Each structure stands twice: as C-alpha cells, then as structure tokens.
Amino acid sequence: MPLYLVRHAKAGSRHDFDGDDRERPLTNSGRKQAAALAERLSGASPTVIVSSPYLRCVETVEPLAVAMGVHVQTNDHLAEFDHLASKNVLSSLRGLLQRLPDRAVVCSHGDVIPALVESLADEGMRINGSPEWGKASVWVLDRNDEDFVSARAWPPPVVD
C-alpha cells in the first residue's frame with residue numbers, strides 16, 4: 001500500500017520574508033496548489049496526515065485535513081535539514097515512514113524529500129518514471145511489510 005510524500009506548495013522567497021522562516025506562509029498560488037492537492041489526495045482515503053512543523057508545510061496539507069475531518073500532526077523529523085545533517089537523520093526519517101499506516105500523507109521540504117527518496121533508492125527502491133521535485137509535487141511510495149519497493153512522482157498541480 002502506498003504512502004504519499006508531498007513537497008510543500010509555493011511559499012514566497014525566504015529572502016523577501018521578514019521574520020522566522022519557520023513561519024513563512026504559502027502564497028496565493030501555493031494556497032491554490034494546496035486546494036488542488038486536497039482534491040487529488042482525498043480520493044486516496046488518507047489514514048493520517050503528518051507534516052513538518054513549518055507553517056508552509058502545515059498550510060499545504062490543511063485543506064486535505066479539513067476535507068477528511070482530521071488534524072494535521074506535526075513531526076520535527078520532517079523539518080528542513082540543518083545543513084550538517086547526517087545519515088542518522090535519514091535513518092530517523094525512514095523509521096518514521098515505516099511506522100506510519102498505509103495511505104499516510106506526509107509533507108516536507110525540498111531538501112528533505114530528494115535526500116530521502118535517493119536514500120531509499122540506494123537501498124533498492126525502484127523509481128518508476130521521471131523524478132519530480134517541484135513545489136506541491138507528490139511522491140507515491142509503495143511498500144511491502146518492511147521495505148519501500150517502488151516510487152513514482154506526480155507533478156505539481158497546475159493552478160492559475
């Protein structure tokens with residue numbers, strides 16, 4: 001059964017944002033992407049929604065949580081990497097993903113998702129199709145009892 005790994009939707013430039021980057025919100029375009037993601041992912045009947053605690057990630061999955069009548073759970077393991085991140089961080093992330101129920105939706109960042117997908121591929125996960133790293137893209141990770149066996153990427157939703 002799959003697990004859905006979502007990159008947060010469009011948020012303004014971190015350099016143009018006055019304040020703590022953890023509180024940087026989605027742009028209008030990002031909110032439209034979040035609504036489109038909610039529509040698409042609600043058809044997957046998510047069991048749980050887990051997000052980085054950064055506002056832009058939580059806002060990306062909030063429309064889905066509202067549609068499903070659940071709360072967004074946050075987890076610090078999904079936060080942006082401190083650039084001194086080690087294999088232990090990736091190991092913790094893999095452990096988190098392995099513990100989540102099937103059809104979980106997980107939202108994280110543009111540095112975390114490629115590192116995690118590449119790490120899983122190094123361990124034998126097959127990647128079907130072309131990688132997609134854009135904001136509001138989704139990786140569908142298929143797993144058996146213990147291992148992630150294949151992955152495919154959905155491109156970001158097209159919004160005005």
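The structure is a predicted model, in which local features need pLDDT of at least 70 and side-chain atom pairs count only at pLDDT 80 or more, while totals for chains, interfaces and linings use all residues. Residues are numbered from 1 along each chain as its sequence is written, and side-chain values use heavy atoms, with hydrogens and water left out.

The protein chain contains 4 helices and 7 strands, where helices (H or I, at least four residues) and strands (E, at least two) are DSSP runs numbered from the N terminus. Along the sequence these elements follow the pattern β-α-β-α-β-α-β-α-β-β-β. The radius of gyration of the protein chain is 15 Å, close to the 15 Å that the globule rule gives for 160 residues, so the chain is as compact as a globular protein of that length; the radius is taken over C-alpha atoms, and the rule is 2.2 Å times the number of residues to the power 0.38. Taken along the principal axes, the C-alpha atoms fill a box of roughly 40 × 40 × 30 Å.

Of the 160 residues, 46% count as buried, a class defined by under 20% relative accessible area, as against exposed at over 50% and partly exposed in between (1.4 Å probe, protein chains only). The accessible surface of the protein chain, computed by the Shrake-Rupley method with a 1.4 Å probe, comes to about 8200 Å², and 48% of this area belongs to carbon and sulfur atoms. Among contacts (heavy atoms within 4.5 Å) between residues at least 6 apart in sequence, 63% join residues at least 24 apart.

Helix H4 spans residues 112-122, and its buried residues are Val112, Ile113, Pro114, Leu116, Val117, Ser119 and Leu120. Just after H4, Gly124 adopts a positive phi of about 115°.

Strand E7 (residues 148-154) is mostly covered, with 5 of its 7 residues buried. Two strands are taken to pair if DSSP finds at least two bridges between them. On this criterion, strand E5 (residues 126-128) pairs with E7 in the parallel sense over 3 bridges, and Ser150 in E7 is the bridge partner of Arg126. Strand E6 (residues 138-143), by contrast, runs antiparallel to E7 and is joined to that strand by 6 bridges, with Leu141 standing opposite Ala151 in E7.
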